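Okay, thanks for having me, everyone.

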Amino acid sequence: MPPGRTRTFLRAARVIHPFPTLVNVAATAGLAFVAVRGAPDAPLLLRMLAVMLCAQCAIGVANDYFDRDLDAAAKPWKPIAAGVVSPAAAAALALGFVVVATALAATLGIGGFALAMLGMICGLAYDARLKRTILSAVPYMIAIPTLPLWVWLTLGAWHMVLWWLLPLGAFIGLALHLANTLPDIASDADNGVAGLPHRLGARTARLAAWASFGGALALSAILAPFLDYDLRSYAPAILTGAAGLVASIGVFAVRRDELALQLGFGVLSVASAVLAVGWLAAVT
């Protein structure tokens, strides 16, 4: 492929949001190994990874499609805004990924199908409408705990203690939504976006993100006496989570700019993943 076409292809490929998409695929694989305490059934795992890949690609493309006017004003380098992917092509691509994800999820049993669809619908609903409303955090608060629940149920490793993921995941989901929005909160608000973080304002949203993640850490610790944790898994997880929260706050204290907010979100994302995996390993 000529260099010019290669560059155009790579720019166009950003429409699927490769980094978060691949992170979610990797998280699915990692959680699957934790769920069965070893190697999952390979064909089943491959189908699960394909479902997650297609669902996340659909969500990523839909995000750029519904945000195309906002991106034209604030992020003109994005694929649709830059003209390297047409809106019609993006809509068709998103629909294609939805169809393939749905068909593959149908092979995972009733529970696996239902939770896979719930996660994908949360992302699409956020893209299409909820991002711009006071309910913008709800898809995150539902989808974050849905991922591990889906993995455990699909692999036949369900345990009643997993219901505690609902409040824990809701805290983490709220924290990540707020932290993820903070770098763009001013430009979004200038272009008519009125999600929860925008209504709270930058300072309150930032404090609420830290408090929500702290709430997840506190709840996981409060549950320790009742859920018989394996401290070999839990102790490193909560220490890493606490360190991540302190680092996120510290970065912003040192340099109060957009880069600090982006780094803070990245740190909280990693800390959230470590906390979740460690907690799941400790209780299941």
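Rolling a probe the size of a water molecule over the atoms shows where empty space is left.

Two bits of housekeeping. What you see is a predicted model, where local features need pLDDT of at least 70 and side-chain atom pairs count only at pLDDT 80 or more, while totals for chains, interfaces and linings use all residues. Residues are numbered from 1 along each chain as its sequence is written, and side-chain values use heavy atoms, leaving out hydrogens and water.

Helices here are DSSP runs of H or I with at least four residues, numbered from the N terminus. α12 (202-222), α14 (231-254) and α15 (258-283) each bring at least two lining residues. By class, the lining has nine nonpolar residues, two polar and one charged. Nonpolar covers Ala, Val, Leu, Ile, Met, Phe, Trp, Tyr, Cys and Pro; charged covers Asp, Glu, Lys and Arg; the others, Gly among them, are polar.

Next stop, charges. Side chains of opposite charge can pair when their charged atoms come close. We call it a salt bridge when a side-chain nitrogen of Lys or Arg is within 4 Å of a carboxyl oxygen of Asp or Glu. By that rule there are seven.

One of them joins K78 to D64, with the closest N and O atoms 3.0 Å apart. This pair links distant parts of the chain, 14 residues apart: K78 is in the loop between α4 (68-74) and α5 (79-82), and D64 is in helix α3 (42-66). K78 also bridges to D71, at 3.9 Å. Are K78 and D64 buried or exposed? Both are buried, meaning under 20% relative accessible area, with exposed being over 50% and partly exposed in between (1.4 Å probe, protein chains only). D71 counts as buried too, because its relative accessibility is 5%.

Another bridge pairs D184 with K75, at 3.1 Å from N to O. Those two sit 109 residues apart, D184 in the loop between α9 (165-181) and α10 (185-190), K75 in the loop between α4 and α5.

Most residues other than glycine have a negative phi. R37, though not a glycine, has a positive phi of about 55°. R37 lies in the loop between α2 (18-36) and α3, and counts as exposed because its relative accessibility is 51%. D228 has a positive phi of about 55° as well, and is found in the loop between α13 (224-227) and α14. At 68% relative accessibility, D228 is exposed.
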